[in-house]
Structure formats: C-alpha cells, structure tokens
Amino acid sequence: MKSTAVRVCQNCGEKWSVWETWKKELSFKDKECNHCGEKQYMTAATKWLNVIWCILSVVIVLQVKEKTSVPLSFIFPVVLFLFSVGSSSLIRLSNEKQEI
Ligand SMILES: [Zn+2]
C-alpha cells in the first residue's frame, strides 16, 4: 500500500502520530513502525525539508533576538521545540534508505 501522505508507514499503511514520530526522531535510532515492526526511513525530500527547517529556525531565532529583548535562552528552546515537532509532523516515510 503506497501512500504519499505524511507519516504513513510504507509497509502497512498505518499513520504514525506526531508524538510517535517525534519520539522516534529524537532517539536517532532506526524508525521501526509500531504497527508492523518494519524499519522506515525518511525520504530524501523530507531530509531536504529538515535542512530548510534548520536554516529557517536559525533565521527566526536571530530575527527575534534582534527585534525584541526576549533572551536567547528562552527563544532557542521554544524554536527548537517547534522545529522538531513541526518537522516530525511533516515526515514522509520510505521502505528504503534514501541518500541526499
Ligand atoms: Zn508499518
């Protein structure tokens, strides 16, 4: 069952929850599907998207720092959290490892 929707296991077609995907992303381990146990990988497009997210979050942090008096120690964790949840929610999965 092939699906181009985000967070859908390409082996069993089950959708992963955002938190499930987020936890898997943070652990830096192989992402095994909770439903079928098959290993899933991020697609190359998803990896590129993550690179863009990274650049974007640095830009946001610098912009907020420049324009407001909010301390960096506050902005950084907030942006980092939003970035990791945001990128997890947009992950597309693949059965094969894809290099970028
Ligand atoms: Zn699965």
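This dialogue explains how to read several features of a predicted model.

Biologist: Which conventions apply to the model and its numbering?

Modeller: The model is predicted, so local features need pLDDT of at least 70 and side-chain atom pairs count only at pLDDT 80 or more, while totals for chains, interfaces and linings use all residues. Residues are numbered from 1 along each chain as its sequence is written.

Biologist: In what order do the elements of the chain run?

Modeller: Helices (H or I, at least four residues) and strands (E, at least two) are DSSP runs, numbered from the N terminus. Here there are three helices and three strands, in the order α-β-β-α-α-β from the N terminus.

Biologist: Which residues does the annotation "transmembrane region" cover?

Modeller: UniProt positions are given in the numbering used here, feature names are shortened, and annotations may be inferred rather than shown by experiment. The unreviewed UniProt entry places this annotation on residues 48-64 and 70-91. Residues 48-64 are 100% helix and 0% strand, with end C-alpha atoms 24 Å apart. Residues 70-91 are 82% helix and 0% strand, and their end C-alpha atoms lie 31 Å apart.

Biologist: Which residues form the largest nonpolar core?

Modeller: A nonpolar core is a set of buried Ala, Val, Leu, Ile, Met, Phe, Trp, Tyr and Cys residues joined through C-beta atoms within 7 Å; buried means that 20 or more other C-beta atoms, placed from the backbone, lie within 10 Å of the residue's own. The largest such core comprises Val 8, Cys 9, Trp 16, Cys 33, Met 42, Ile 91 and Leu 93. Buried residues make up 13% of the 100 residues in the chain.

Terms used. A residue is buried if 20 or more other C-beta atoms lie within 10 Å of its own, exposed if 12 or fewer, and partly exposed in between; C-beta atoms are placed from the backbone.
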